[in-house]
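Please look over the sequence and the model below before reading on. The report that follows goes from the chain as a whole to the ligand and then to some details of the backbone.

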Amino acid sequence: MSVEPHLTWWKNVVIYQVYPRSFADGNGDGVGDLPGLIGRLDYLKALGVSALWLSPVYPSPMCDAGYDICDYTGIDPLFGSLADLDQLVSQAHNRGLKVLMDFVPNHTSDQHPWFVESRASRDNPKRDWYIWRDQPNNWRASIDGGSAWTWDEGSQQYYLHFFLPQQPDLNWHNPQVVEAMHNVLRFWLDRGVDGFRIDVVHCVGKDPSFADDPRCLAGETMVQINDQPYSHEVLRGLRRLVDRYPGDRVLIGEVNIRSTARVAAYYGASDELHMSFNFPPLDAPWDPVVFRLCIREVERCLGEQQAWPTWALSNHDNSRIRSRYGGSRAKAHAAAVMLLSLRGTPFIFQGDELALEDTQVTAQTRVDPGGRDGSRAPLPWTAQPPHGWTGKTPWLPFPPDAAALAVQAQENANDSTLNLYRRLLRCRQDSPALRVGDWTELPSHPQLLAYRRHCEEDERIVCINFDEAEHTFALVGDWLIEVASDRHGENRPFAGIVGPLQAVLLRPTGVAHER
Ligand code: BGC
């Protein structure tokens, strides 16, 4: 990795989200696992990403696909063993790939020994590790949208859960909880992981008055609105802990509040998150006005405090990029150019580099109680069924057009999505302007979104056409099309026209360029 020495690695990279159960299956049981992933690390290296974030692989009853953890320092046998995890970290590191684990601090599984003890009796020493009340308030939970409180018959109180009843929320006001969770981080940091994606980190602090929230009456869930000062205190503690480790370990938070200004607060004074996810762009429809506003907001809110942005257009909780944009491959390609050329660290959700669409589930094949199976389907590796998943039928049906979209089918196809991602990632790697340069919006037709990236001598211009009609985009100077989302005009001088649903990445002519 040719990273400028003065820059932390996480500002310089593209991060790939691995959803392990659907990435690659090493033992033929129909569920992806760590050995399967290790066997495909060269694919990630060839794609050009430099870090991977692993969704949870810990022991779990899997009520929420592993986000209900019953042992924070183990590996569920479904995914392999601790030795496999160590092997993953060392094999990834050998290839210059960083590894981020998913840390889930807000809640455990109800099968976690801590909760089993906590619910055993009101005077159990772990009672206060969770949040118990005689009376519920009106808070609503996510996933099933019901009350955030469940009555425990045995101990005759309600416990709080921002998600499923099988995911009781921890009480981070209890110092023993803080210490136990700090030990979890130490455990993984000592094993060499490079950092964490922190699940719904804005939820760990709760309103101490437990007052009804009027927004819950309007149907909002606490995960969308919870935003308490105490979460920041918790985060500062986590940050102090990771900062004591050598090697720039990173904390990336999932702050699910739909306000970039509020998200910016979770960077603290450079003493909380290193980076936070920001969801408004992920929710945005295919509309240049909306994207323009989202990007300006990021530049404004995060720029003010020199907080480093992230960009993600899909993940395991949301529709895939292509499905969200009406199934259009052209739009998915143009979106990829945008995702990989904005200022900040981009996240690619596995399979978006293949332009996969959401899989269709039926009442029989549905798994997730929250209806989020669509984007979680297994990755097709080979064109021929069972697409590299030998053995048992995979846990979810393959996405549509699996044969045509398989890695094998796209690998050597000139105009494939995979090839586009690889080209974009190579350009990014070669260009300091794209990786770390500043961002300036350029005037353009209202259906276009155009911006300049700039770092010292290096410069790139990006123009995305959201329209089905071509539009002119006038530029001073001579520019070459370095990447075109549809390959039209690539490596030729830019003639001032952007085609229908086309995105172009331009570099000044005359810049020496070796491939
Ligand atoms: C994860 C979800 C999960 C929830 C509860 C999230 O935001 O991404 O998949 O259901 O947290 O852990």
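## Overall form

Helices, of at least four residues, and strands, of at least two, are DSSP runs that are numbered from the N terminus. In this predicted model, the protein chain comes to 18 helices and 18 strands.

The C-alpha atoms of the chain fill a box of roughly 75 × 50 × 45 Å when it is taken along the principal axes. Why can the chain be described as agreeing with a compact globule? A compact globule of 515 residues would have a radius of gyration near 24 Å, and because the protein chain has 23 Å, the two values agree.

## The ligand and its surroundings

The ligand sits in the largest pocket, where 13 residues surround it, and the closest of these are Asp64, Asp199, Glu254, His316 and Asp317. When the residues of this shell are divided by type, four are nonpolar, two are polar and seven are charged.

## Details of the backbone

Most residues other than glycine have a negative phi, and most peptide bonds are trans.

The peptide bond from proline 385 to proline 386 is cis, with omega near 5 degrees. Proline 386 belongs to the loop between strand E11 (345–349) and helix H15 (402–405), and alanine 355 lies in the loop between E11 and H15 as well. Alanine 355, although it is a residue other than glycine, has a positive phi near 55 degrees.

Isoleucine 143, which is not a glycine either, has a positive phi of about 80 degrees, and this residue lies in the loop between strand E4 (132–133) and strand E5 (149–152).

Technical notes. Residues are numbered from 1 along each chain as its sequence is written. This is a predicted model: local features need pLDDT of at least 70, side-chain atom pairs count only at pLDDT 80 or more; totals for chains, interfaces and linings use all residues. Side-chain values use heavy atoms; hydrogens and water are left out. A residue is near a molecule or strand if one of its heavy atoms lies within 4 Å of it. On a 1 Å grid over the protein atoms alone, a cavity is a set of points where a 1.4 Å probe fits but cannot get out, and a pocket is an open set with protein on both sides within 12 Å along at least five of seven lines; lining residues have an atom within 4 Å of a point. A molecule sits in a cavity or pocket if more than half of its atoms lie within 2 Å of its grid points. Ala, Val, Leu, Ile, Met, Phe, Trp, Tyr, Cys and Pro count as nonpolar, Asp, Glu, Lys and Arg as charged, and the others, Gly among them, as polar. The radius of gyration is taken over C-alpha atoms; the globule rule is 2.2 Å times the number of residues to the power 0.38.
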